[in-house]
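I set out to record what I looked up in this structure, entry by entry. The sequence and the coordinates are shown first.

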Amino acid sequence: MARLGVANLRRLILVGMAVAFIGGCGGSAGETSRSSGSAAPTVVGSPTLVPFPKASPGSTTCEPDISGVDYNSETCQLESPSLAANLLDEPGILHFSVLTPVDYKTSGVRYPTVYYLDGAGGDCSGFDQIVDYTSPSLEPAAGSKPPIIVCVSGGNVSGNDLLESWRLSLNVFGLWLFANSPVSGNGEDAITKDLISYVDANYRTIVAPASRAITGYSVGGAAAVNIGLRHPELFGVLYAMSPSIFEGETSSALLDPKPMGQLLDLAEKLANVPQGQRAERLKAAIENSDIAPPITFAYGTTFAPDPDSPILMKVPFKRVNGVLVSDDSVLALWTAGWGNYPAKVSQYQPNLNQFRAIGVDHGTDEGSIPESAHLFVTSLASIGIKATENTFPGGHTDNLPDRYVNYMLPFVSEHLADGS
């Protein structure tokens, strides 16, 4: 099966799962936006999948190079100590691709680096296909170097493949959120500590925040914002594509009374299960019962984790006389995960002032995403930071090739310091 076919299949099943709770129609982002209506780049190659061995503990395993027009890529998996520290009995293997410019092996020079966080459950195959095999070639500005690009998958590897032709198998939730959690593992540390250290040690990168960008799409876009806010010592450029910010319809869907009530029911059902068996019982409940969307479990155990709870998370509601009532202290944890950006922008203003450039893009028909992404931009403006905001006509999964090649990559390449 060609890599693009795998990407399309994954998009339909897994990214669609994350999009399902967004819904609705959004408006344009306002006067700061510009349309992204150019045609998608032409795909001129389609390599086939090859067997991919499992990583042994503490090691990194990489697939042989795939040669493209603009980039060559290799797909790797890293046994991440940060991810391994989890309560879900997952092995903690970080799956990523490294894309190097076609002249990398002969140039002898160092390159800036772009870290791209894929969407929910995305295995980077679609992104790699677009960047490796686009035509016309991606042309950097005169005298500048194209960046090394590291794509981090949107799923942590588990022990069992869900489909034989996929090279990435996912954890029990079907996705991970690139954030630190004692339940699901420290995803932020896996990127900022384990992955960056590996890439800088094994590729000719320019080791400086001015020469590193953090980007992402959907769930990865929200994570790119969160990670960027906290790590100006690592990144100098930030770009978020359709970030799944916890506002409007997104928050309403995650906090829907039905799954919240089902979570409380499950917590009561598992209350007497010994702590050492809770992860196994919880995983069985997720796999075999119609209790709550996997995104709800992933979100709650990441941003409101509770190792002592039968369901390993704090629920932002409680029952009082049979009626669901908001638990404001827990709700604040849920809101702070992907949301509360006006307060975050204020809190991290000293960090944000260190960035060379910040950009976002989104469609006009992405539920609450246009409004919430624009809120992030206007929050930045309120503290004197100008951000670029690009819009395009369409929904959450539309125009991705065009957005990668003509917006995100040119934006970050323009603002990265390349040592020239």
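Which residue follows H11, and what is its phi? I found Asn 340 after H11, with a positive phi near 60°. I note that the model is a predicted one.

Entry on the whole chain. I counted 15 helices and 14 strands in the protein chain. Of its 420 residues, 58% are buried. I then took the contacts between residues at least 6 apart in sequence, and 77% of them join residues at least 24 apart. The chain exposes about 15,900 Å², and carbon and sulfur atoms supply 53% of that area.

Entry on H11. I looked up which of its residues are buried and listed Val 330, Trp 334, Gly 337 and Trp 338. Viewed down the helix axis, the buried residues of H11 lie within an arc of 70°, so they line one face of the helix. On the face turned away from that buried side I found the exposed residues Asp 328 and Ser 329.

Entry on the packing of H10 and H11. I looked up helix H10, residues 294-303, against helix H11, residues 328-338: the two pack at an angle of about 100°, and their axes are 9 Å apart. Angles of 65 to 115 degrees count as roughly perpendicular, which makes H10 roughly perpendicular to H11. From H10, the contact involves Ile 295, Thr 296, Tyr 299, Gly 300 and Phe 303; from H11, Leu 333, Trp 334, Gly 337 and Trp 338.

How values were computed:
Residues are numbered from 1 along each chain as its sequence is written. This is a predicted model: local features need pLDDT of at least 70, side-chain atom pairs count only at pLDDT 80 or more; totals for chains, interfaces and linings use all residues. Side-chain values use heavy atoms; hydrogens and water are left out. Axes are lines fitted to C-alpha atoms, for helices over the stretch in contact, and angles run from 0 to 180 degrees between N-to-C directions. Helices (H or I, at least four residues) and strands (E, at least two) are DSSP runs, numbered from the N terminus. Angles under 35 degrees count as roughly parallel, over 145 as roughly antiparallel, 65 to 115 as roughly perpendicular and the rest as oblique. Contact means heavy atoms within 4.5 Å. Buried means under 20% relative accessible area, exposed over 50%, partly exposed in between (1.4 Å probe, protein chains only). Accessible areas come from the Shrake-Rupley method with a 1.4 Å probe; for residues, only the protein chains shown count as cover. The arc is that of the directions from the helix axis to the C-beta atoms.
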